[in-house]
Amino acid sequence: MSRSAHDSPRPASKEGKAMHPDLLNDNILKTQYAVRGELYTRAQELAKSGGEVIYTNIGNPQQLGQEPLVFNRQVLALLLAPFLLDHPSASALFPREAIDRARELLAAFGGRMGAYSDARGAPAIRQQVAAFIEARDGQPANPEDIYLTDGASVGVKYALNALIRDGNDGILCPIPQYPLYSAAIQLFGGKLVPYYLEEDAGWDLNLEALRGAVKKARAEGTVLRALAFINPGNPTGQVLTRETLRELIAFAHDEGLVLLADEVYQPNIYQDEKPFVSAKRVLREMGEPWASSVELASFHTVSKGMLGECGLRGGYVEWVNIHPGAQAELYKVASVNLCPNTVGQATVSLMVAPPTGDSEAARQYAKQYEDSLASLRRRAHIMTDAFNGLEGASCNFTEGAMYSFPRLHLPAKAIQAAKEAGKDPDTFYCLALLADTGIVTVPGSGFGQVEGTFHLRTTILPQEDVMHEFVDKLRTFHKSFMAKYKD
């Protein structure tokens, strides 16, 4: 409940504590983040008691066995221990390409990885990101429009914090959505305005549903500021076509909205029919009046793809068609944080400018990258096929990203049992799955879903040597659960 100027002042402390939970910022108290919510807390308790836990609740590739790219780690090792560069054994321990790249990156940081960089990130690395974007899109990119960030989440929060002025400002978000958006919008005091994706159409955009969401929100007095979309989708795994992106861009132009393009899974594509195409590329190819007027922020990260470097916290945001005065304000906000961490910045460099040519290091990098992607393609099929082979479950193919998002067709008795337990039905199912198998998932209610439907999200990240055992556990549990609550 919002407070007005006429309300009596709140107390400064309670029970001797100024930071009492009842006295915290209301937006913090209202914030939910399902990916690390009740299921995750219960999983930690299970792990502490000695139980086996398989964390498929979050896209954390290395936690589930994905190996870091060797070349990247060689360069990072040299950056963090630069005295090794001149060690007599350096050339025996590290390939020449890694040594040269480490020297190049060290120079980008003024010879000191432990020193602050520019608040937007080291200029040389922002130039590399611009070159990566130009090569990807065939369109120019300006390094002055690129901010390096501690993971993509920071860039998303920069944008939302700048856009949301008060409780009347709304952000259009796809449902199902990644809970970063609902959580950050709540923290900044705005409104999440949902637009529903069509499950029966492979989680595609429904333009009429989007128009309806806008009409309803504005009729309720909401000032719409931006439209977020996730491509490839999280949790839904769909890849957007050029035509869908054109529709989104034209819609943003007509409605005066900033586009927030979450493109962190762009390397994670598991089919050939729908390749990843960036929003910026489509925007520029559309020509005028869209190319120079539609405001766009696009986000990328080192946490996904074949790097999977979640803990190193590296990413970037590119600001497109943003007013120079607004960019100056965003630079000020970034400066409050002093700078993004330098290890994350270096990892962004390694993501956007990998080793090339015919050297042994380049061949090893390419093989490791391609083998990892091929394995993920196979795992996407294994997971989707497993759910589609279960009675009472159905699942769209995971075209991209790292997740399957099956629909659970739960019996009435299970829904009633969940109600009696005070749980959403899919949360009830996921808690039972955790207790029986140690598998941690996220209920669909944490992402938003059409009322009366139930889902869960699991990653496709368990390694192939354990994937079949993982699927067998899911299958055995599901059959038992459905039999227990059979109508």
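Ala-401 is buried (under 20% relative accessible area, with exposed set at over 50% and partly exposed in between, using a 1.4 Å probe and protein chains only), its relative accessibility being 0%. The structure is a predicted model, in which local features need pLDDT of at least 70 and side-chain atom pairs count only at pLDDT 80 or more, whereas totals for chains, interfaces and linings use all residues. Residues are numbered from 1 along each chain as its sequence is written, and side-chain values use heavy atoms, with hydrogens and water left out.

Ala-401 also has a positive phi, near 70 degrees, although it is not a glycine. This residue belongs to the loop that joins strand E9 (393-394) to strand E10 (403-404); helices (H or I, at least four residues) and strands (E, at least two) are DSSP runs, numbered from the N terminus. A positive phi, near 65 degrees, is likewise found at Trp-203, a residue other than glycine. Trp-203 is placed in the loop between strand E4 (191-196) and helix H9 (207-219), and with a relative accessible area of 4% it is buried.

Most residues other than glycine have a negative phi, and most peptide bonds are trans. The bond from Asn-231 to Pro-232 is cis, with omega near -5 degrees, and Pro-232 lies between strand E5 (223-230) and helix H10 (242-255). The bond from Asn-234 to Pro-235 is also cis, with omega near 15 degrees, and Pro-235 occupies the loop between E5 and H10.

Strand E3 (residues 169-175) is mostly covered, 7 of its 7 residues being buried. Asp-169, Ile-171, Cys-173 and Ile-175 point one way from E3, while Gly-170, Leu-172 and Pro-174 point the other way. E3 pairs in the parallel sense with E5 over 4 bridges and with E4 over 6 bridges, a pair requiring at least two DSSP bridges between the strands. In these pairings, Gly-170 stands opposite Leu-224 of E5, and Ile-175 stands opposite Tyr-196 of E4. Together with helix H8 (residues 179-187), E3 and E4 form a right-handed β-α-β unit; in such a crossover, with the strands pointing away from the viewer, the path from the first strand over the helix to the second runs clockwise.

Cys-310 is buried at 13% relative accessibility. A search of the whole structure returned 0 disulfides, defined as pairs of cysteine sulfur atoms within 2.5 Å.
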